[in-house]
Amino acid sequence: MITIAKPEIARAISLELLDVGAIQIRPAKPFTWASGWKSPIYCDNRLALSFPETRSIIKHYLADVIRANFPDAEAIAGVATAGIPQGVLVAESLDLPFMYVRSKPKGHGMENLVEGKLEKGQKIVLVEDLVSTGGSSIKAAEALKSAGAEVLGMAAIFTYGFDVAVENFEKANIKLVCLSDYPHLLEEALVKKLIQNDELATLKEWRDNPSEWG
């Protein structure tokens, strides 16, 4: 299940990400994702870490979301790599232990997939910066479960809200709460005149069918 935080939070976070340049919208000159998809939007929330005020706002809202939706959380886990710094900030704010999940086991030493002290049965909330299809996020949750954790759910800064992500989280039975999403982003971008009304149709077409767009 994927839900969005309060509308006022979604708008505020979209505005922050646009203001610091963490999200770029360029329908006339699309970006190419690693998957090969053409996209009118590029989201790099790691850039927000370089802006103390924005970083603090994101930390505050992520912590609030976790308190409200996962009050029994005993630890925070970041999804490598971009979810690690966000997760550390949130864990510090909540005064909870922190760990992170690698995309693949370390190739030497203990060959860990989960880094940090994990107690059996520990109730964990994952922190992610961005959710597209949800594949890597769900893989991290499964790694924690395999290591003996109880995954309560996940909190993320932003989601595109693709249908495939909704399906993947429902299938995995993982609750995801995001601070903001694509529709709220478009609203704020329109207000700031970063996009024009006549560009909305193609931007919405991409959201509905990203693999074929462009």
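Guide: One term first. An axis here is a line fitted to C-alpha atoms, for helices over the stretch in contact, and angles run from 0 to 180 degrees between N-to-C directions. Also, this is a predicted model.

Visitor: Okay. At what angle do the axes of α6 and α7 cross?

Guide: Roughly 165°. Helix α6 covers residues 182-191 and helix α7 covers residues 200-208. Their axes come within 12 Å.

Visitor: So are α6 and α7 roughly parallel or roughly antiparallel?

Guide: Roughly antiparallel, because angles over 145 degrees count that way. The crossing of α6 past α7 is right-handed.

Visitor: Which residues make that contact?

Guide: From α6, Tyr182, Leu186 and Leu190. From α7, Leu200, Leu203, Lys204, Trp206 and Arg207.

Visitor: How many of those α6 and α7 residues are nonpolar, and how many charged?

Guide: In this contact, 6 are nonpolar and 2 are charged. No polar residues take part.

Visitor: What's the handedness when α4 passes α5?

Guide: Right-handed. On the α4 side, the contact uses Ser137, Ile138, Glu142 and Lys145. On the α5 side, Asn168, Phe169 and Ala172 take part. By class, that contact has 3 nonpolar, 2 polar and 2 charged residues.

Visitor: Now the sheet. What order do the strands come in?

Guide: The order is β1-β11-β10-β9-β6-β7-β8. That makes an open sheet of 7 strands with mixed pairing.

Visitor: Which strands are at the edges?

Guide: β1 (2-4) and β8 (114-115). Each of these edge strands pairs on one side only.

Visitor: And β10 with β11: how many bridges join them?

Guide: 5 bridges. Strand β10 (residues 150-159) and strand β11 (residues 176-181) run parallel. For Thr159, the bridge partner in β11 is Asp181.

Visitor: Which strands does α5 lie across?

Guide: β1, β9, β10 and β11. Against β1, α5 runs at about 120°.

Visitor: What about α3, which strands does that helix lie across?

Guide: Helix α3 (residues 83-94) lies across β6 (75-79), β7 (98-101), β9 (123-131) and β10. Its angle to β6 is about 165°.

Conventions:
Residues numbered from 1 in each chain as written. Predicted model: local features only at pLDDT ≥ 70, side-chain atom pairs only at ≥ 80, totals over all residues. Heavy atoms only, no water. Left-handed = near helix turned anticlockwise from the far one by under 90°. Helix = DSSP H or I, 4+ residues; strand = E, 2+ residues; numbered from the N terminus. Contact = heavy atoms within 4.5 Å. Nonpolar A, V, L, I, M, F, W, Y, C, P; charged D, E, K, R; others polar. Pairing = 2+ DSSP bridges. Parallel < 35°, antiparallel > 145°, perpendicular 65-115°, else oblique.
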